[in-house]
Amino acid sequence: MKVIIDCDPGIDDAIALSVLLNDPFFDVKLVTTVAGNVSVKKTTNNALKISAFFKSNVPIAAGAAEPLIKKLEDASNIHGESGMDGYHFTDKIGYPLPQTAVEAWHDVLAKEDQPITLILTGSYTNFALWIRQYPDDISKIKQVVAMGGAVREEGNMTSSAEFNVFTDPDAAAILYASKIPITMVGLDVTLKAMVDNDQLLKFSKINESGRMISSLIKHYNDHHVGGWPIHDLNTVAYLRHPEFYNGKNLWIDVVTSGPAIGETVADIRAAYHNGRTNAYVLDSIDLGSFLNWLTKEIQQIPR
């Protein structure tokens with residue numbers, strides 16, 4: 001599967017990247033970064049650290065430093081000051097491409113004769129900038145799998161808003177108006193994808209990659225009863241094993257102002273859009289299969 005991932009590493013982004021870069025099922029054409037969990041300078045640096053750890057040659061491009069309109073509010077209180085606290089990575093890392101993320105997307109898409117899947121695990125600012133600048137590129141996109149939003153769960157940034165959508169709600173509104181096939185991987189499913197201390201101990205004994213992943217998660221200040229939710233990894237897991245998940249087609253609107261800014265409002269009763277939908281919204285997961293899969297993914301990483 002040919003993919004581009006746009007991310008803001010971030011501990012859970014780092015784990016998604018770790019699997020994505022090492023599973024031969026995926027042909028990763030490009031990694032791009034955006035401000036979110038921490039500044040875009042730090043998210044880019046973190047993507048380069050993960051790339052160096054795995055000796056990956058996938059190109060990396062830096063993207064938007066600010067949301068389209070609202071002020072950036074990062075999540076360094078959750079992910080640590082660096083965005084990936086908890087493991088000492090080498091200082092010998094590469095460099096990002098000279099192009100911006102949007103230009104790099106366009107360049108990659110122009111060379112491909114088959115549609116590409118976009119994985120979005122940060123805010124959707126780069127997507128919004130890209131679709132504005134290169135609207136004809138839409139035909140090159142097979143689907144978008146986006147971590148973000150919540151339908152029945154409370155938000156994790158405000159009482160109603162999930163972090164990625166809250167970070168740039170205007171970009172999220174552009175995504176859901178794009179008419180591209182979208183799978184919404186929101187808190188309704190990611191909060192069910194937990195790893196606990198026992199699982200982390202198992203990971204740490206597999207190899208250095210397992211130790212790195214376990215160490216990052218232990219420093220992840222997003223702990224719930226039952227463990228740590230690895231939100232962003234669910235985008236990769238869904239693409240690799242859609243049978244792990246259930247969901248439903250819904251219409252999603254995004255609140256872009258006021259006290260509910262960042263809320264994703266689902267037309268659950270199909271009352272307002274004449275039966276139309278604009279997203280497949282995941283709402284349940286086979287946790288046992290998910291954890292077994294993640295364990296096997298770590299086992300097959302050569303480092």
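**Exercise 1. Find the salt bridge that joins arginine 211 and glutamate 208, and say how exposed the two partners are.**

Solution. Start with the side chains: arginine 211 and glutamate 208 meet in a salt bridge, at 2.9 Å from N to O. To count as a salt bridge, a side-chain nitrogen of Lys or Arg has to be within 4 Å of a carboxyl oxygen of Asp or Glu. Next, look at where they sit: both are in helix H10 (residues 208-218), and being 3 residues apart there, they are separated by about one helical turn. (Helices are DSSP runs of H or I with at least four residues, strands are runs of E with at least two, and numbering goes from the N terminus.) Last, check exposure, where buried means under 20% relative accessible area, exposed over 50%, and partly exposed in between, using a 1.4 Å probe and protein chains only. Arginine 211 is partly exposed at 39%, and glutamate 208 is partly exposed at 24%.

Before going on, a word on the ground rules. This is a predicted model, so local features need pLDDT of at least 70 and side-chain atom pairs count only at pLDDT 80 or more, while totals for chains, interfaces and linings use all residues. Residues are numbered from 1 along each chain as its sequence is written, and side-chain values use heavy atoms, with hydrogens and water left out.

**Exercise 2. Which residues of the largest nonpolar core touch the most other members?**

Solution. First, the term: a nonpolar core is a set of buried Ala, Val, Leu, Ile, Met, Phe, Trp, Tyr and Cys residues joined through side-chain atoms within 4.5 Å. The largest one has 53 residues, and Val31, Met212, Leu233, Tyr245, Phe290 and Trp293 touch the most other members. Helix H1 (residues 11-20) gives the most to this core, with 7 residues.

Then zoom in on phenylalanine 290. Leaving aside neighbours within four places in sequence, its contacts (heavy atoms within 4.5 Å) include Ala193, Leu233, Phe244 and Tyr245. There's also a second, separate core of 34 residues, with Tyr124, Ala146, Ile180 and Leu250 among them.

**Exercise 3. What lines the largest pocket?**

Solution. Step one is the definition: on a 1 Å grid over the protein atoms alone, a pocket is an open set of points with protein on both sides within 12 Å along at least five of seven lines, and lining residues have an atom within 4 Å of a point. Step two is the lining itself: 25 residues, of which Ile78, Asn156, Phe163, Asp222 and His231 lie nearest the centre. Step three is to ask which elements take part: H1, helix H3 (76-79) and helix H6 (163-167) each supply at least two residues, and H3 gives the most, with 3.

**Exercise 4. Where is the cis peptide bond, and which residues other than glycine have a positive phi?**

Solution. Keep the background in mind: most residues other than glycine have a negative phi, and most peptide bonds are trans. The cis bond joins proline 9 and glycine 10, with omega about -5°. Glycine 10 is found in the loop between strand E1 (2-7) and H1.

For positive phi, go to lysine 179, where phi is near 70°. Lysine 179 lies in the loop between H7 and strand E6 (182-185) and is exposed at 82%. Alanine 270 also has a positive phi, of about 50°, and lies in the loop between strand E11 (264-266) and strand E12 (279-285).

Terms used. On a 1 Å grid over the protein atoms alone, a cavity is a set of points where a 1.4 Å probe fits but cannot get out, and a pocket is an open set with protein on both sides within 12 Å along at least five of seven lines; lining residues have an atom within 4 Å of a point.
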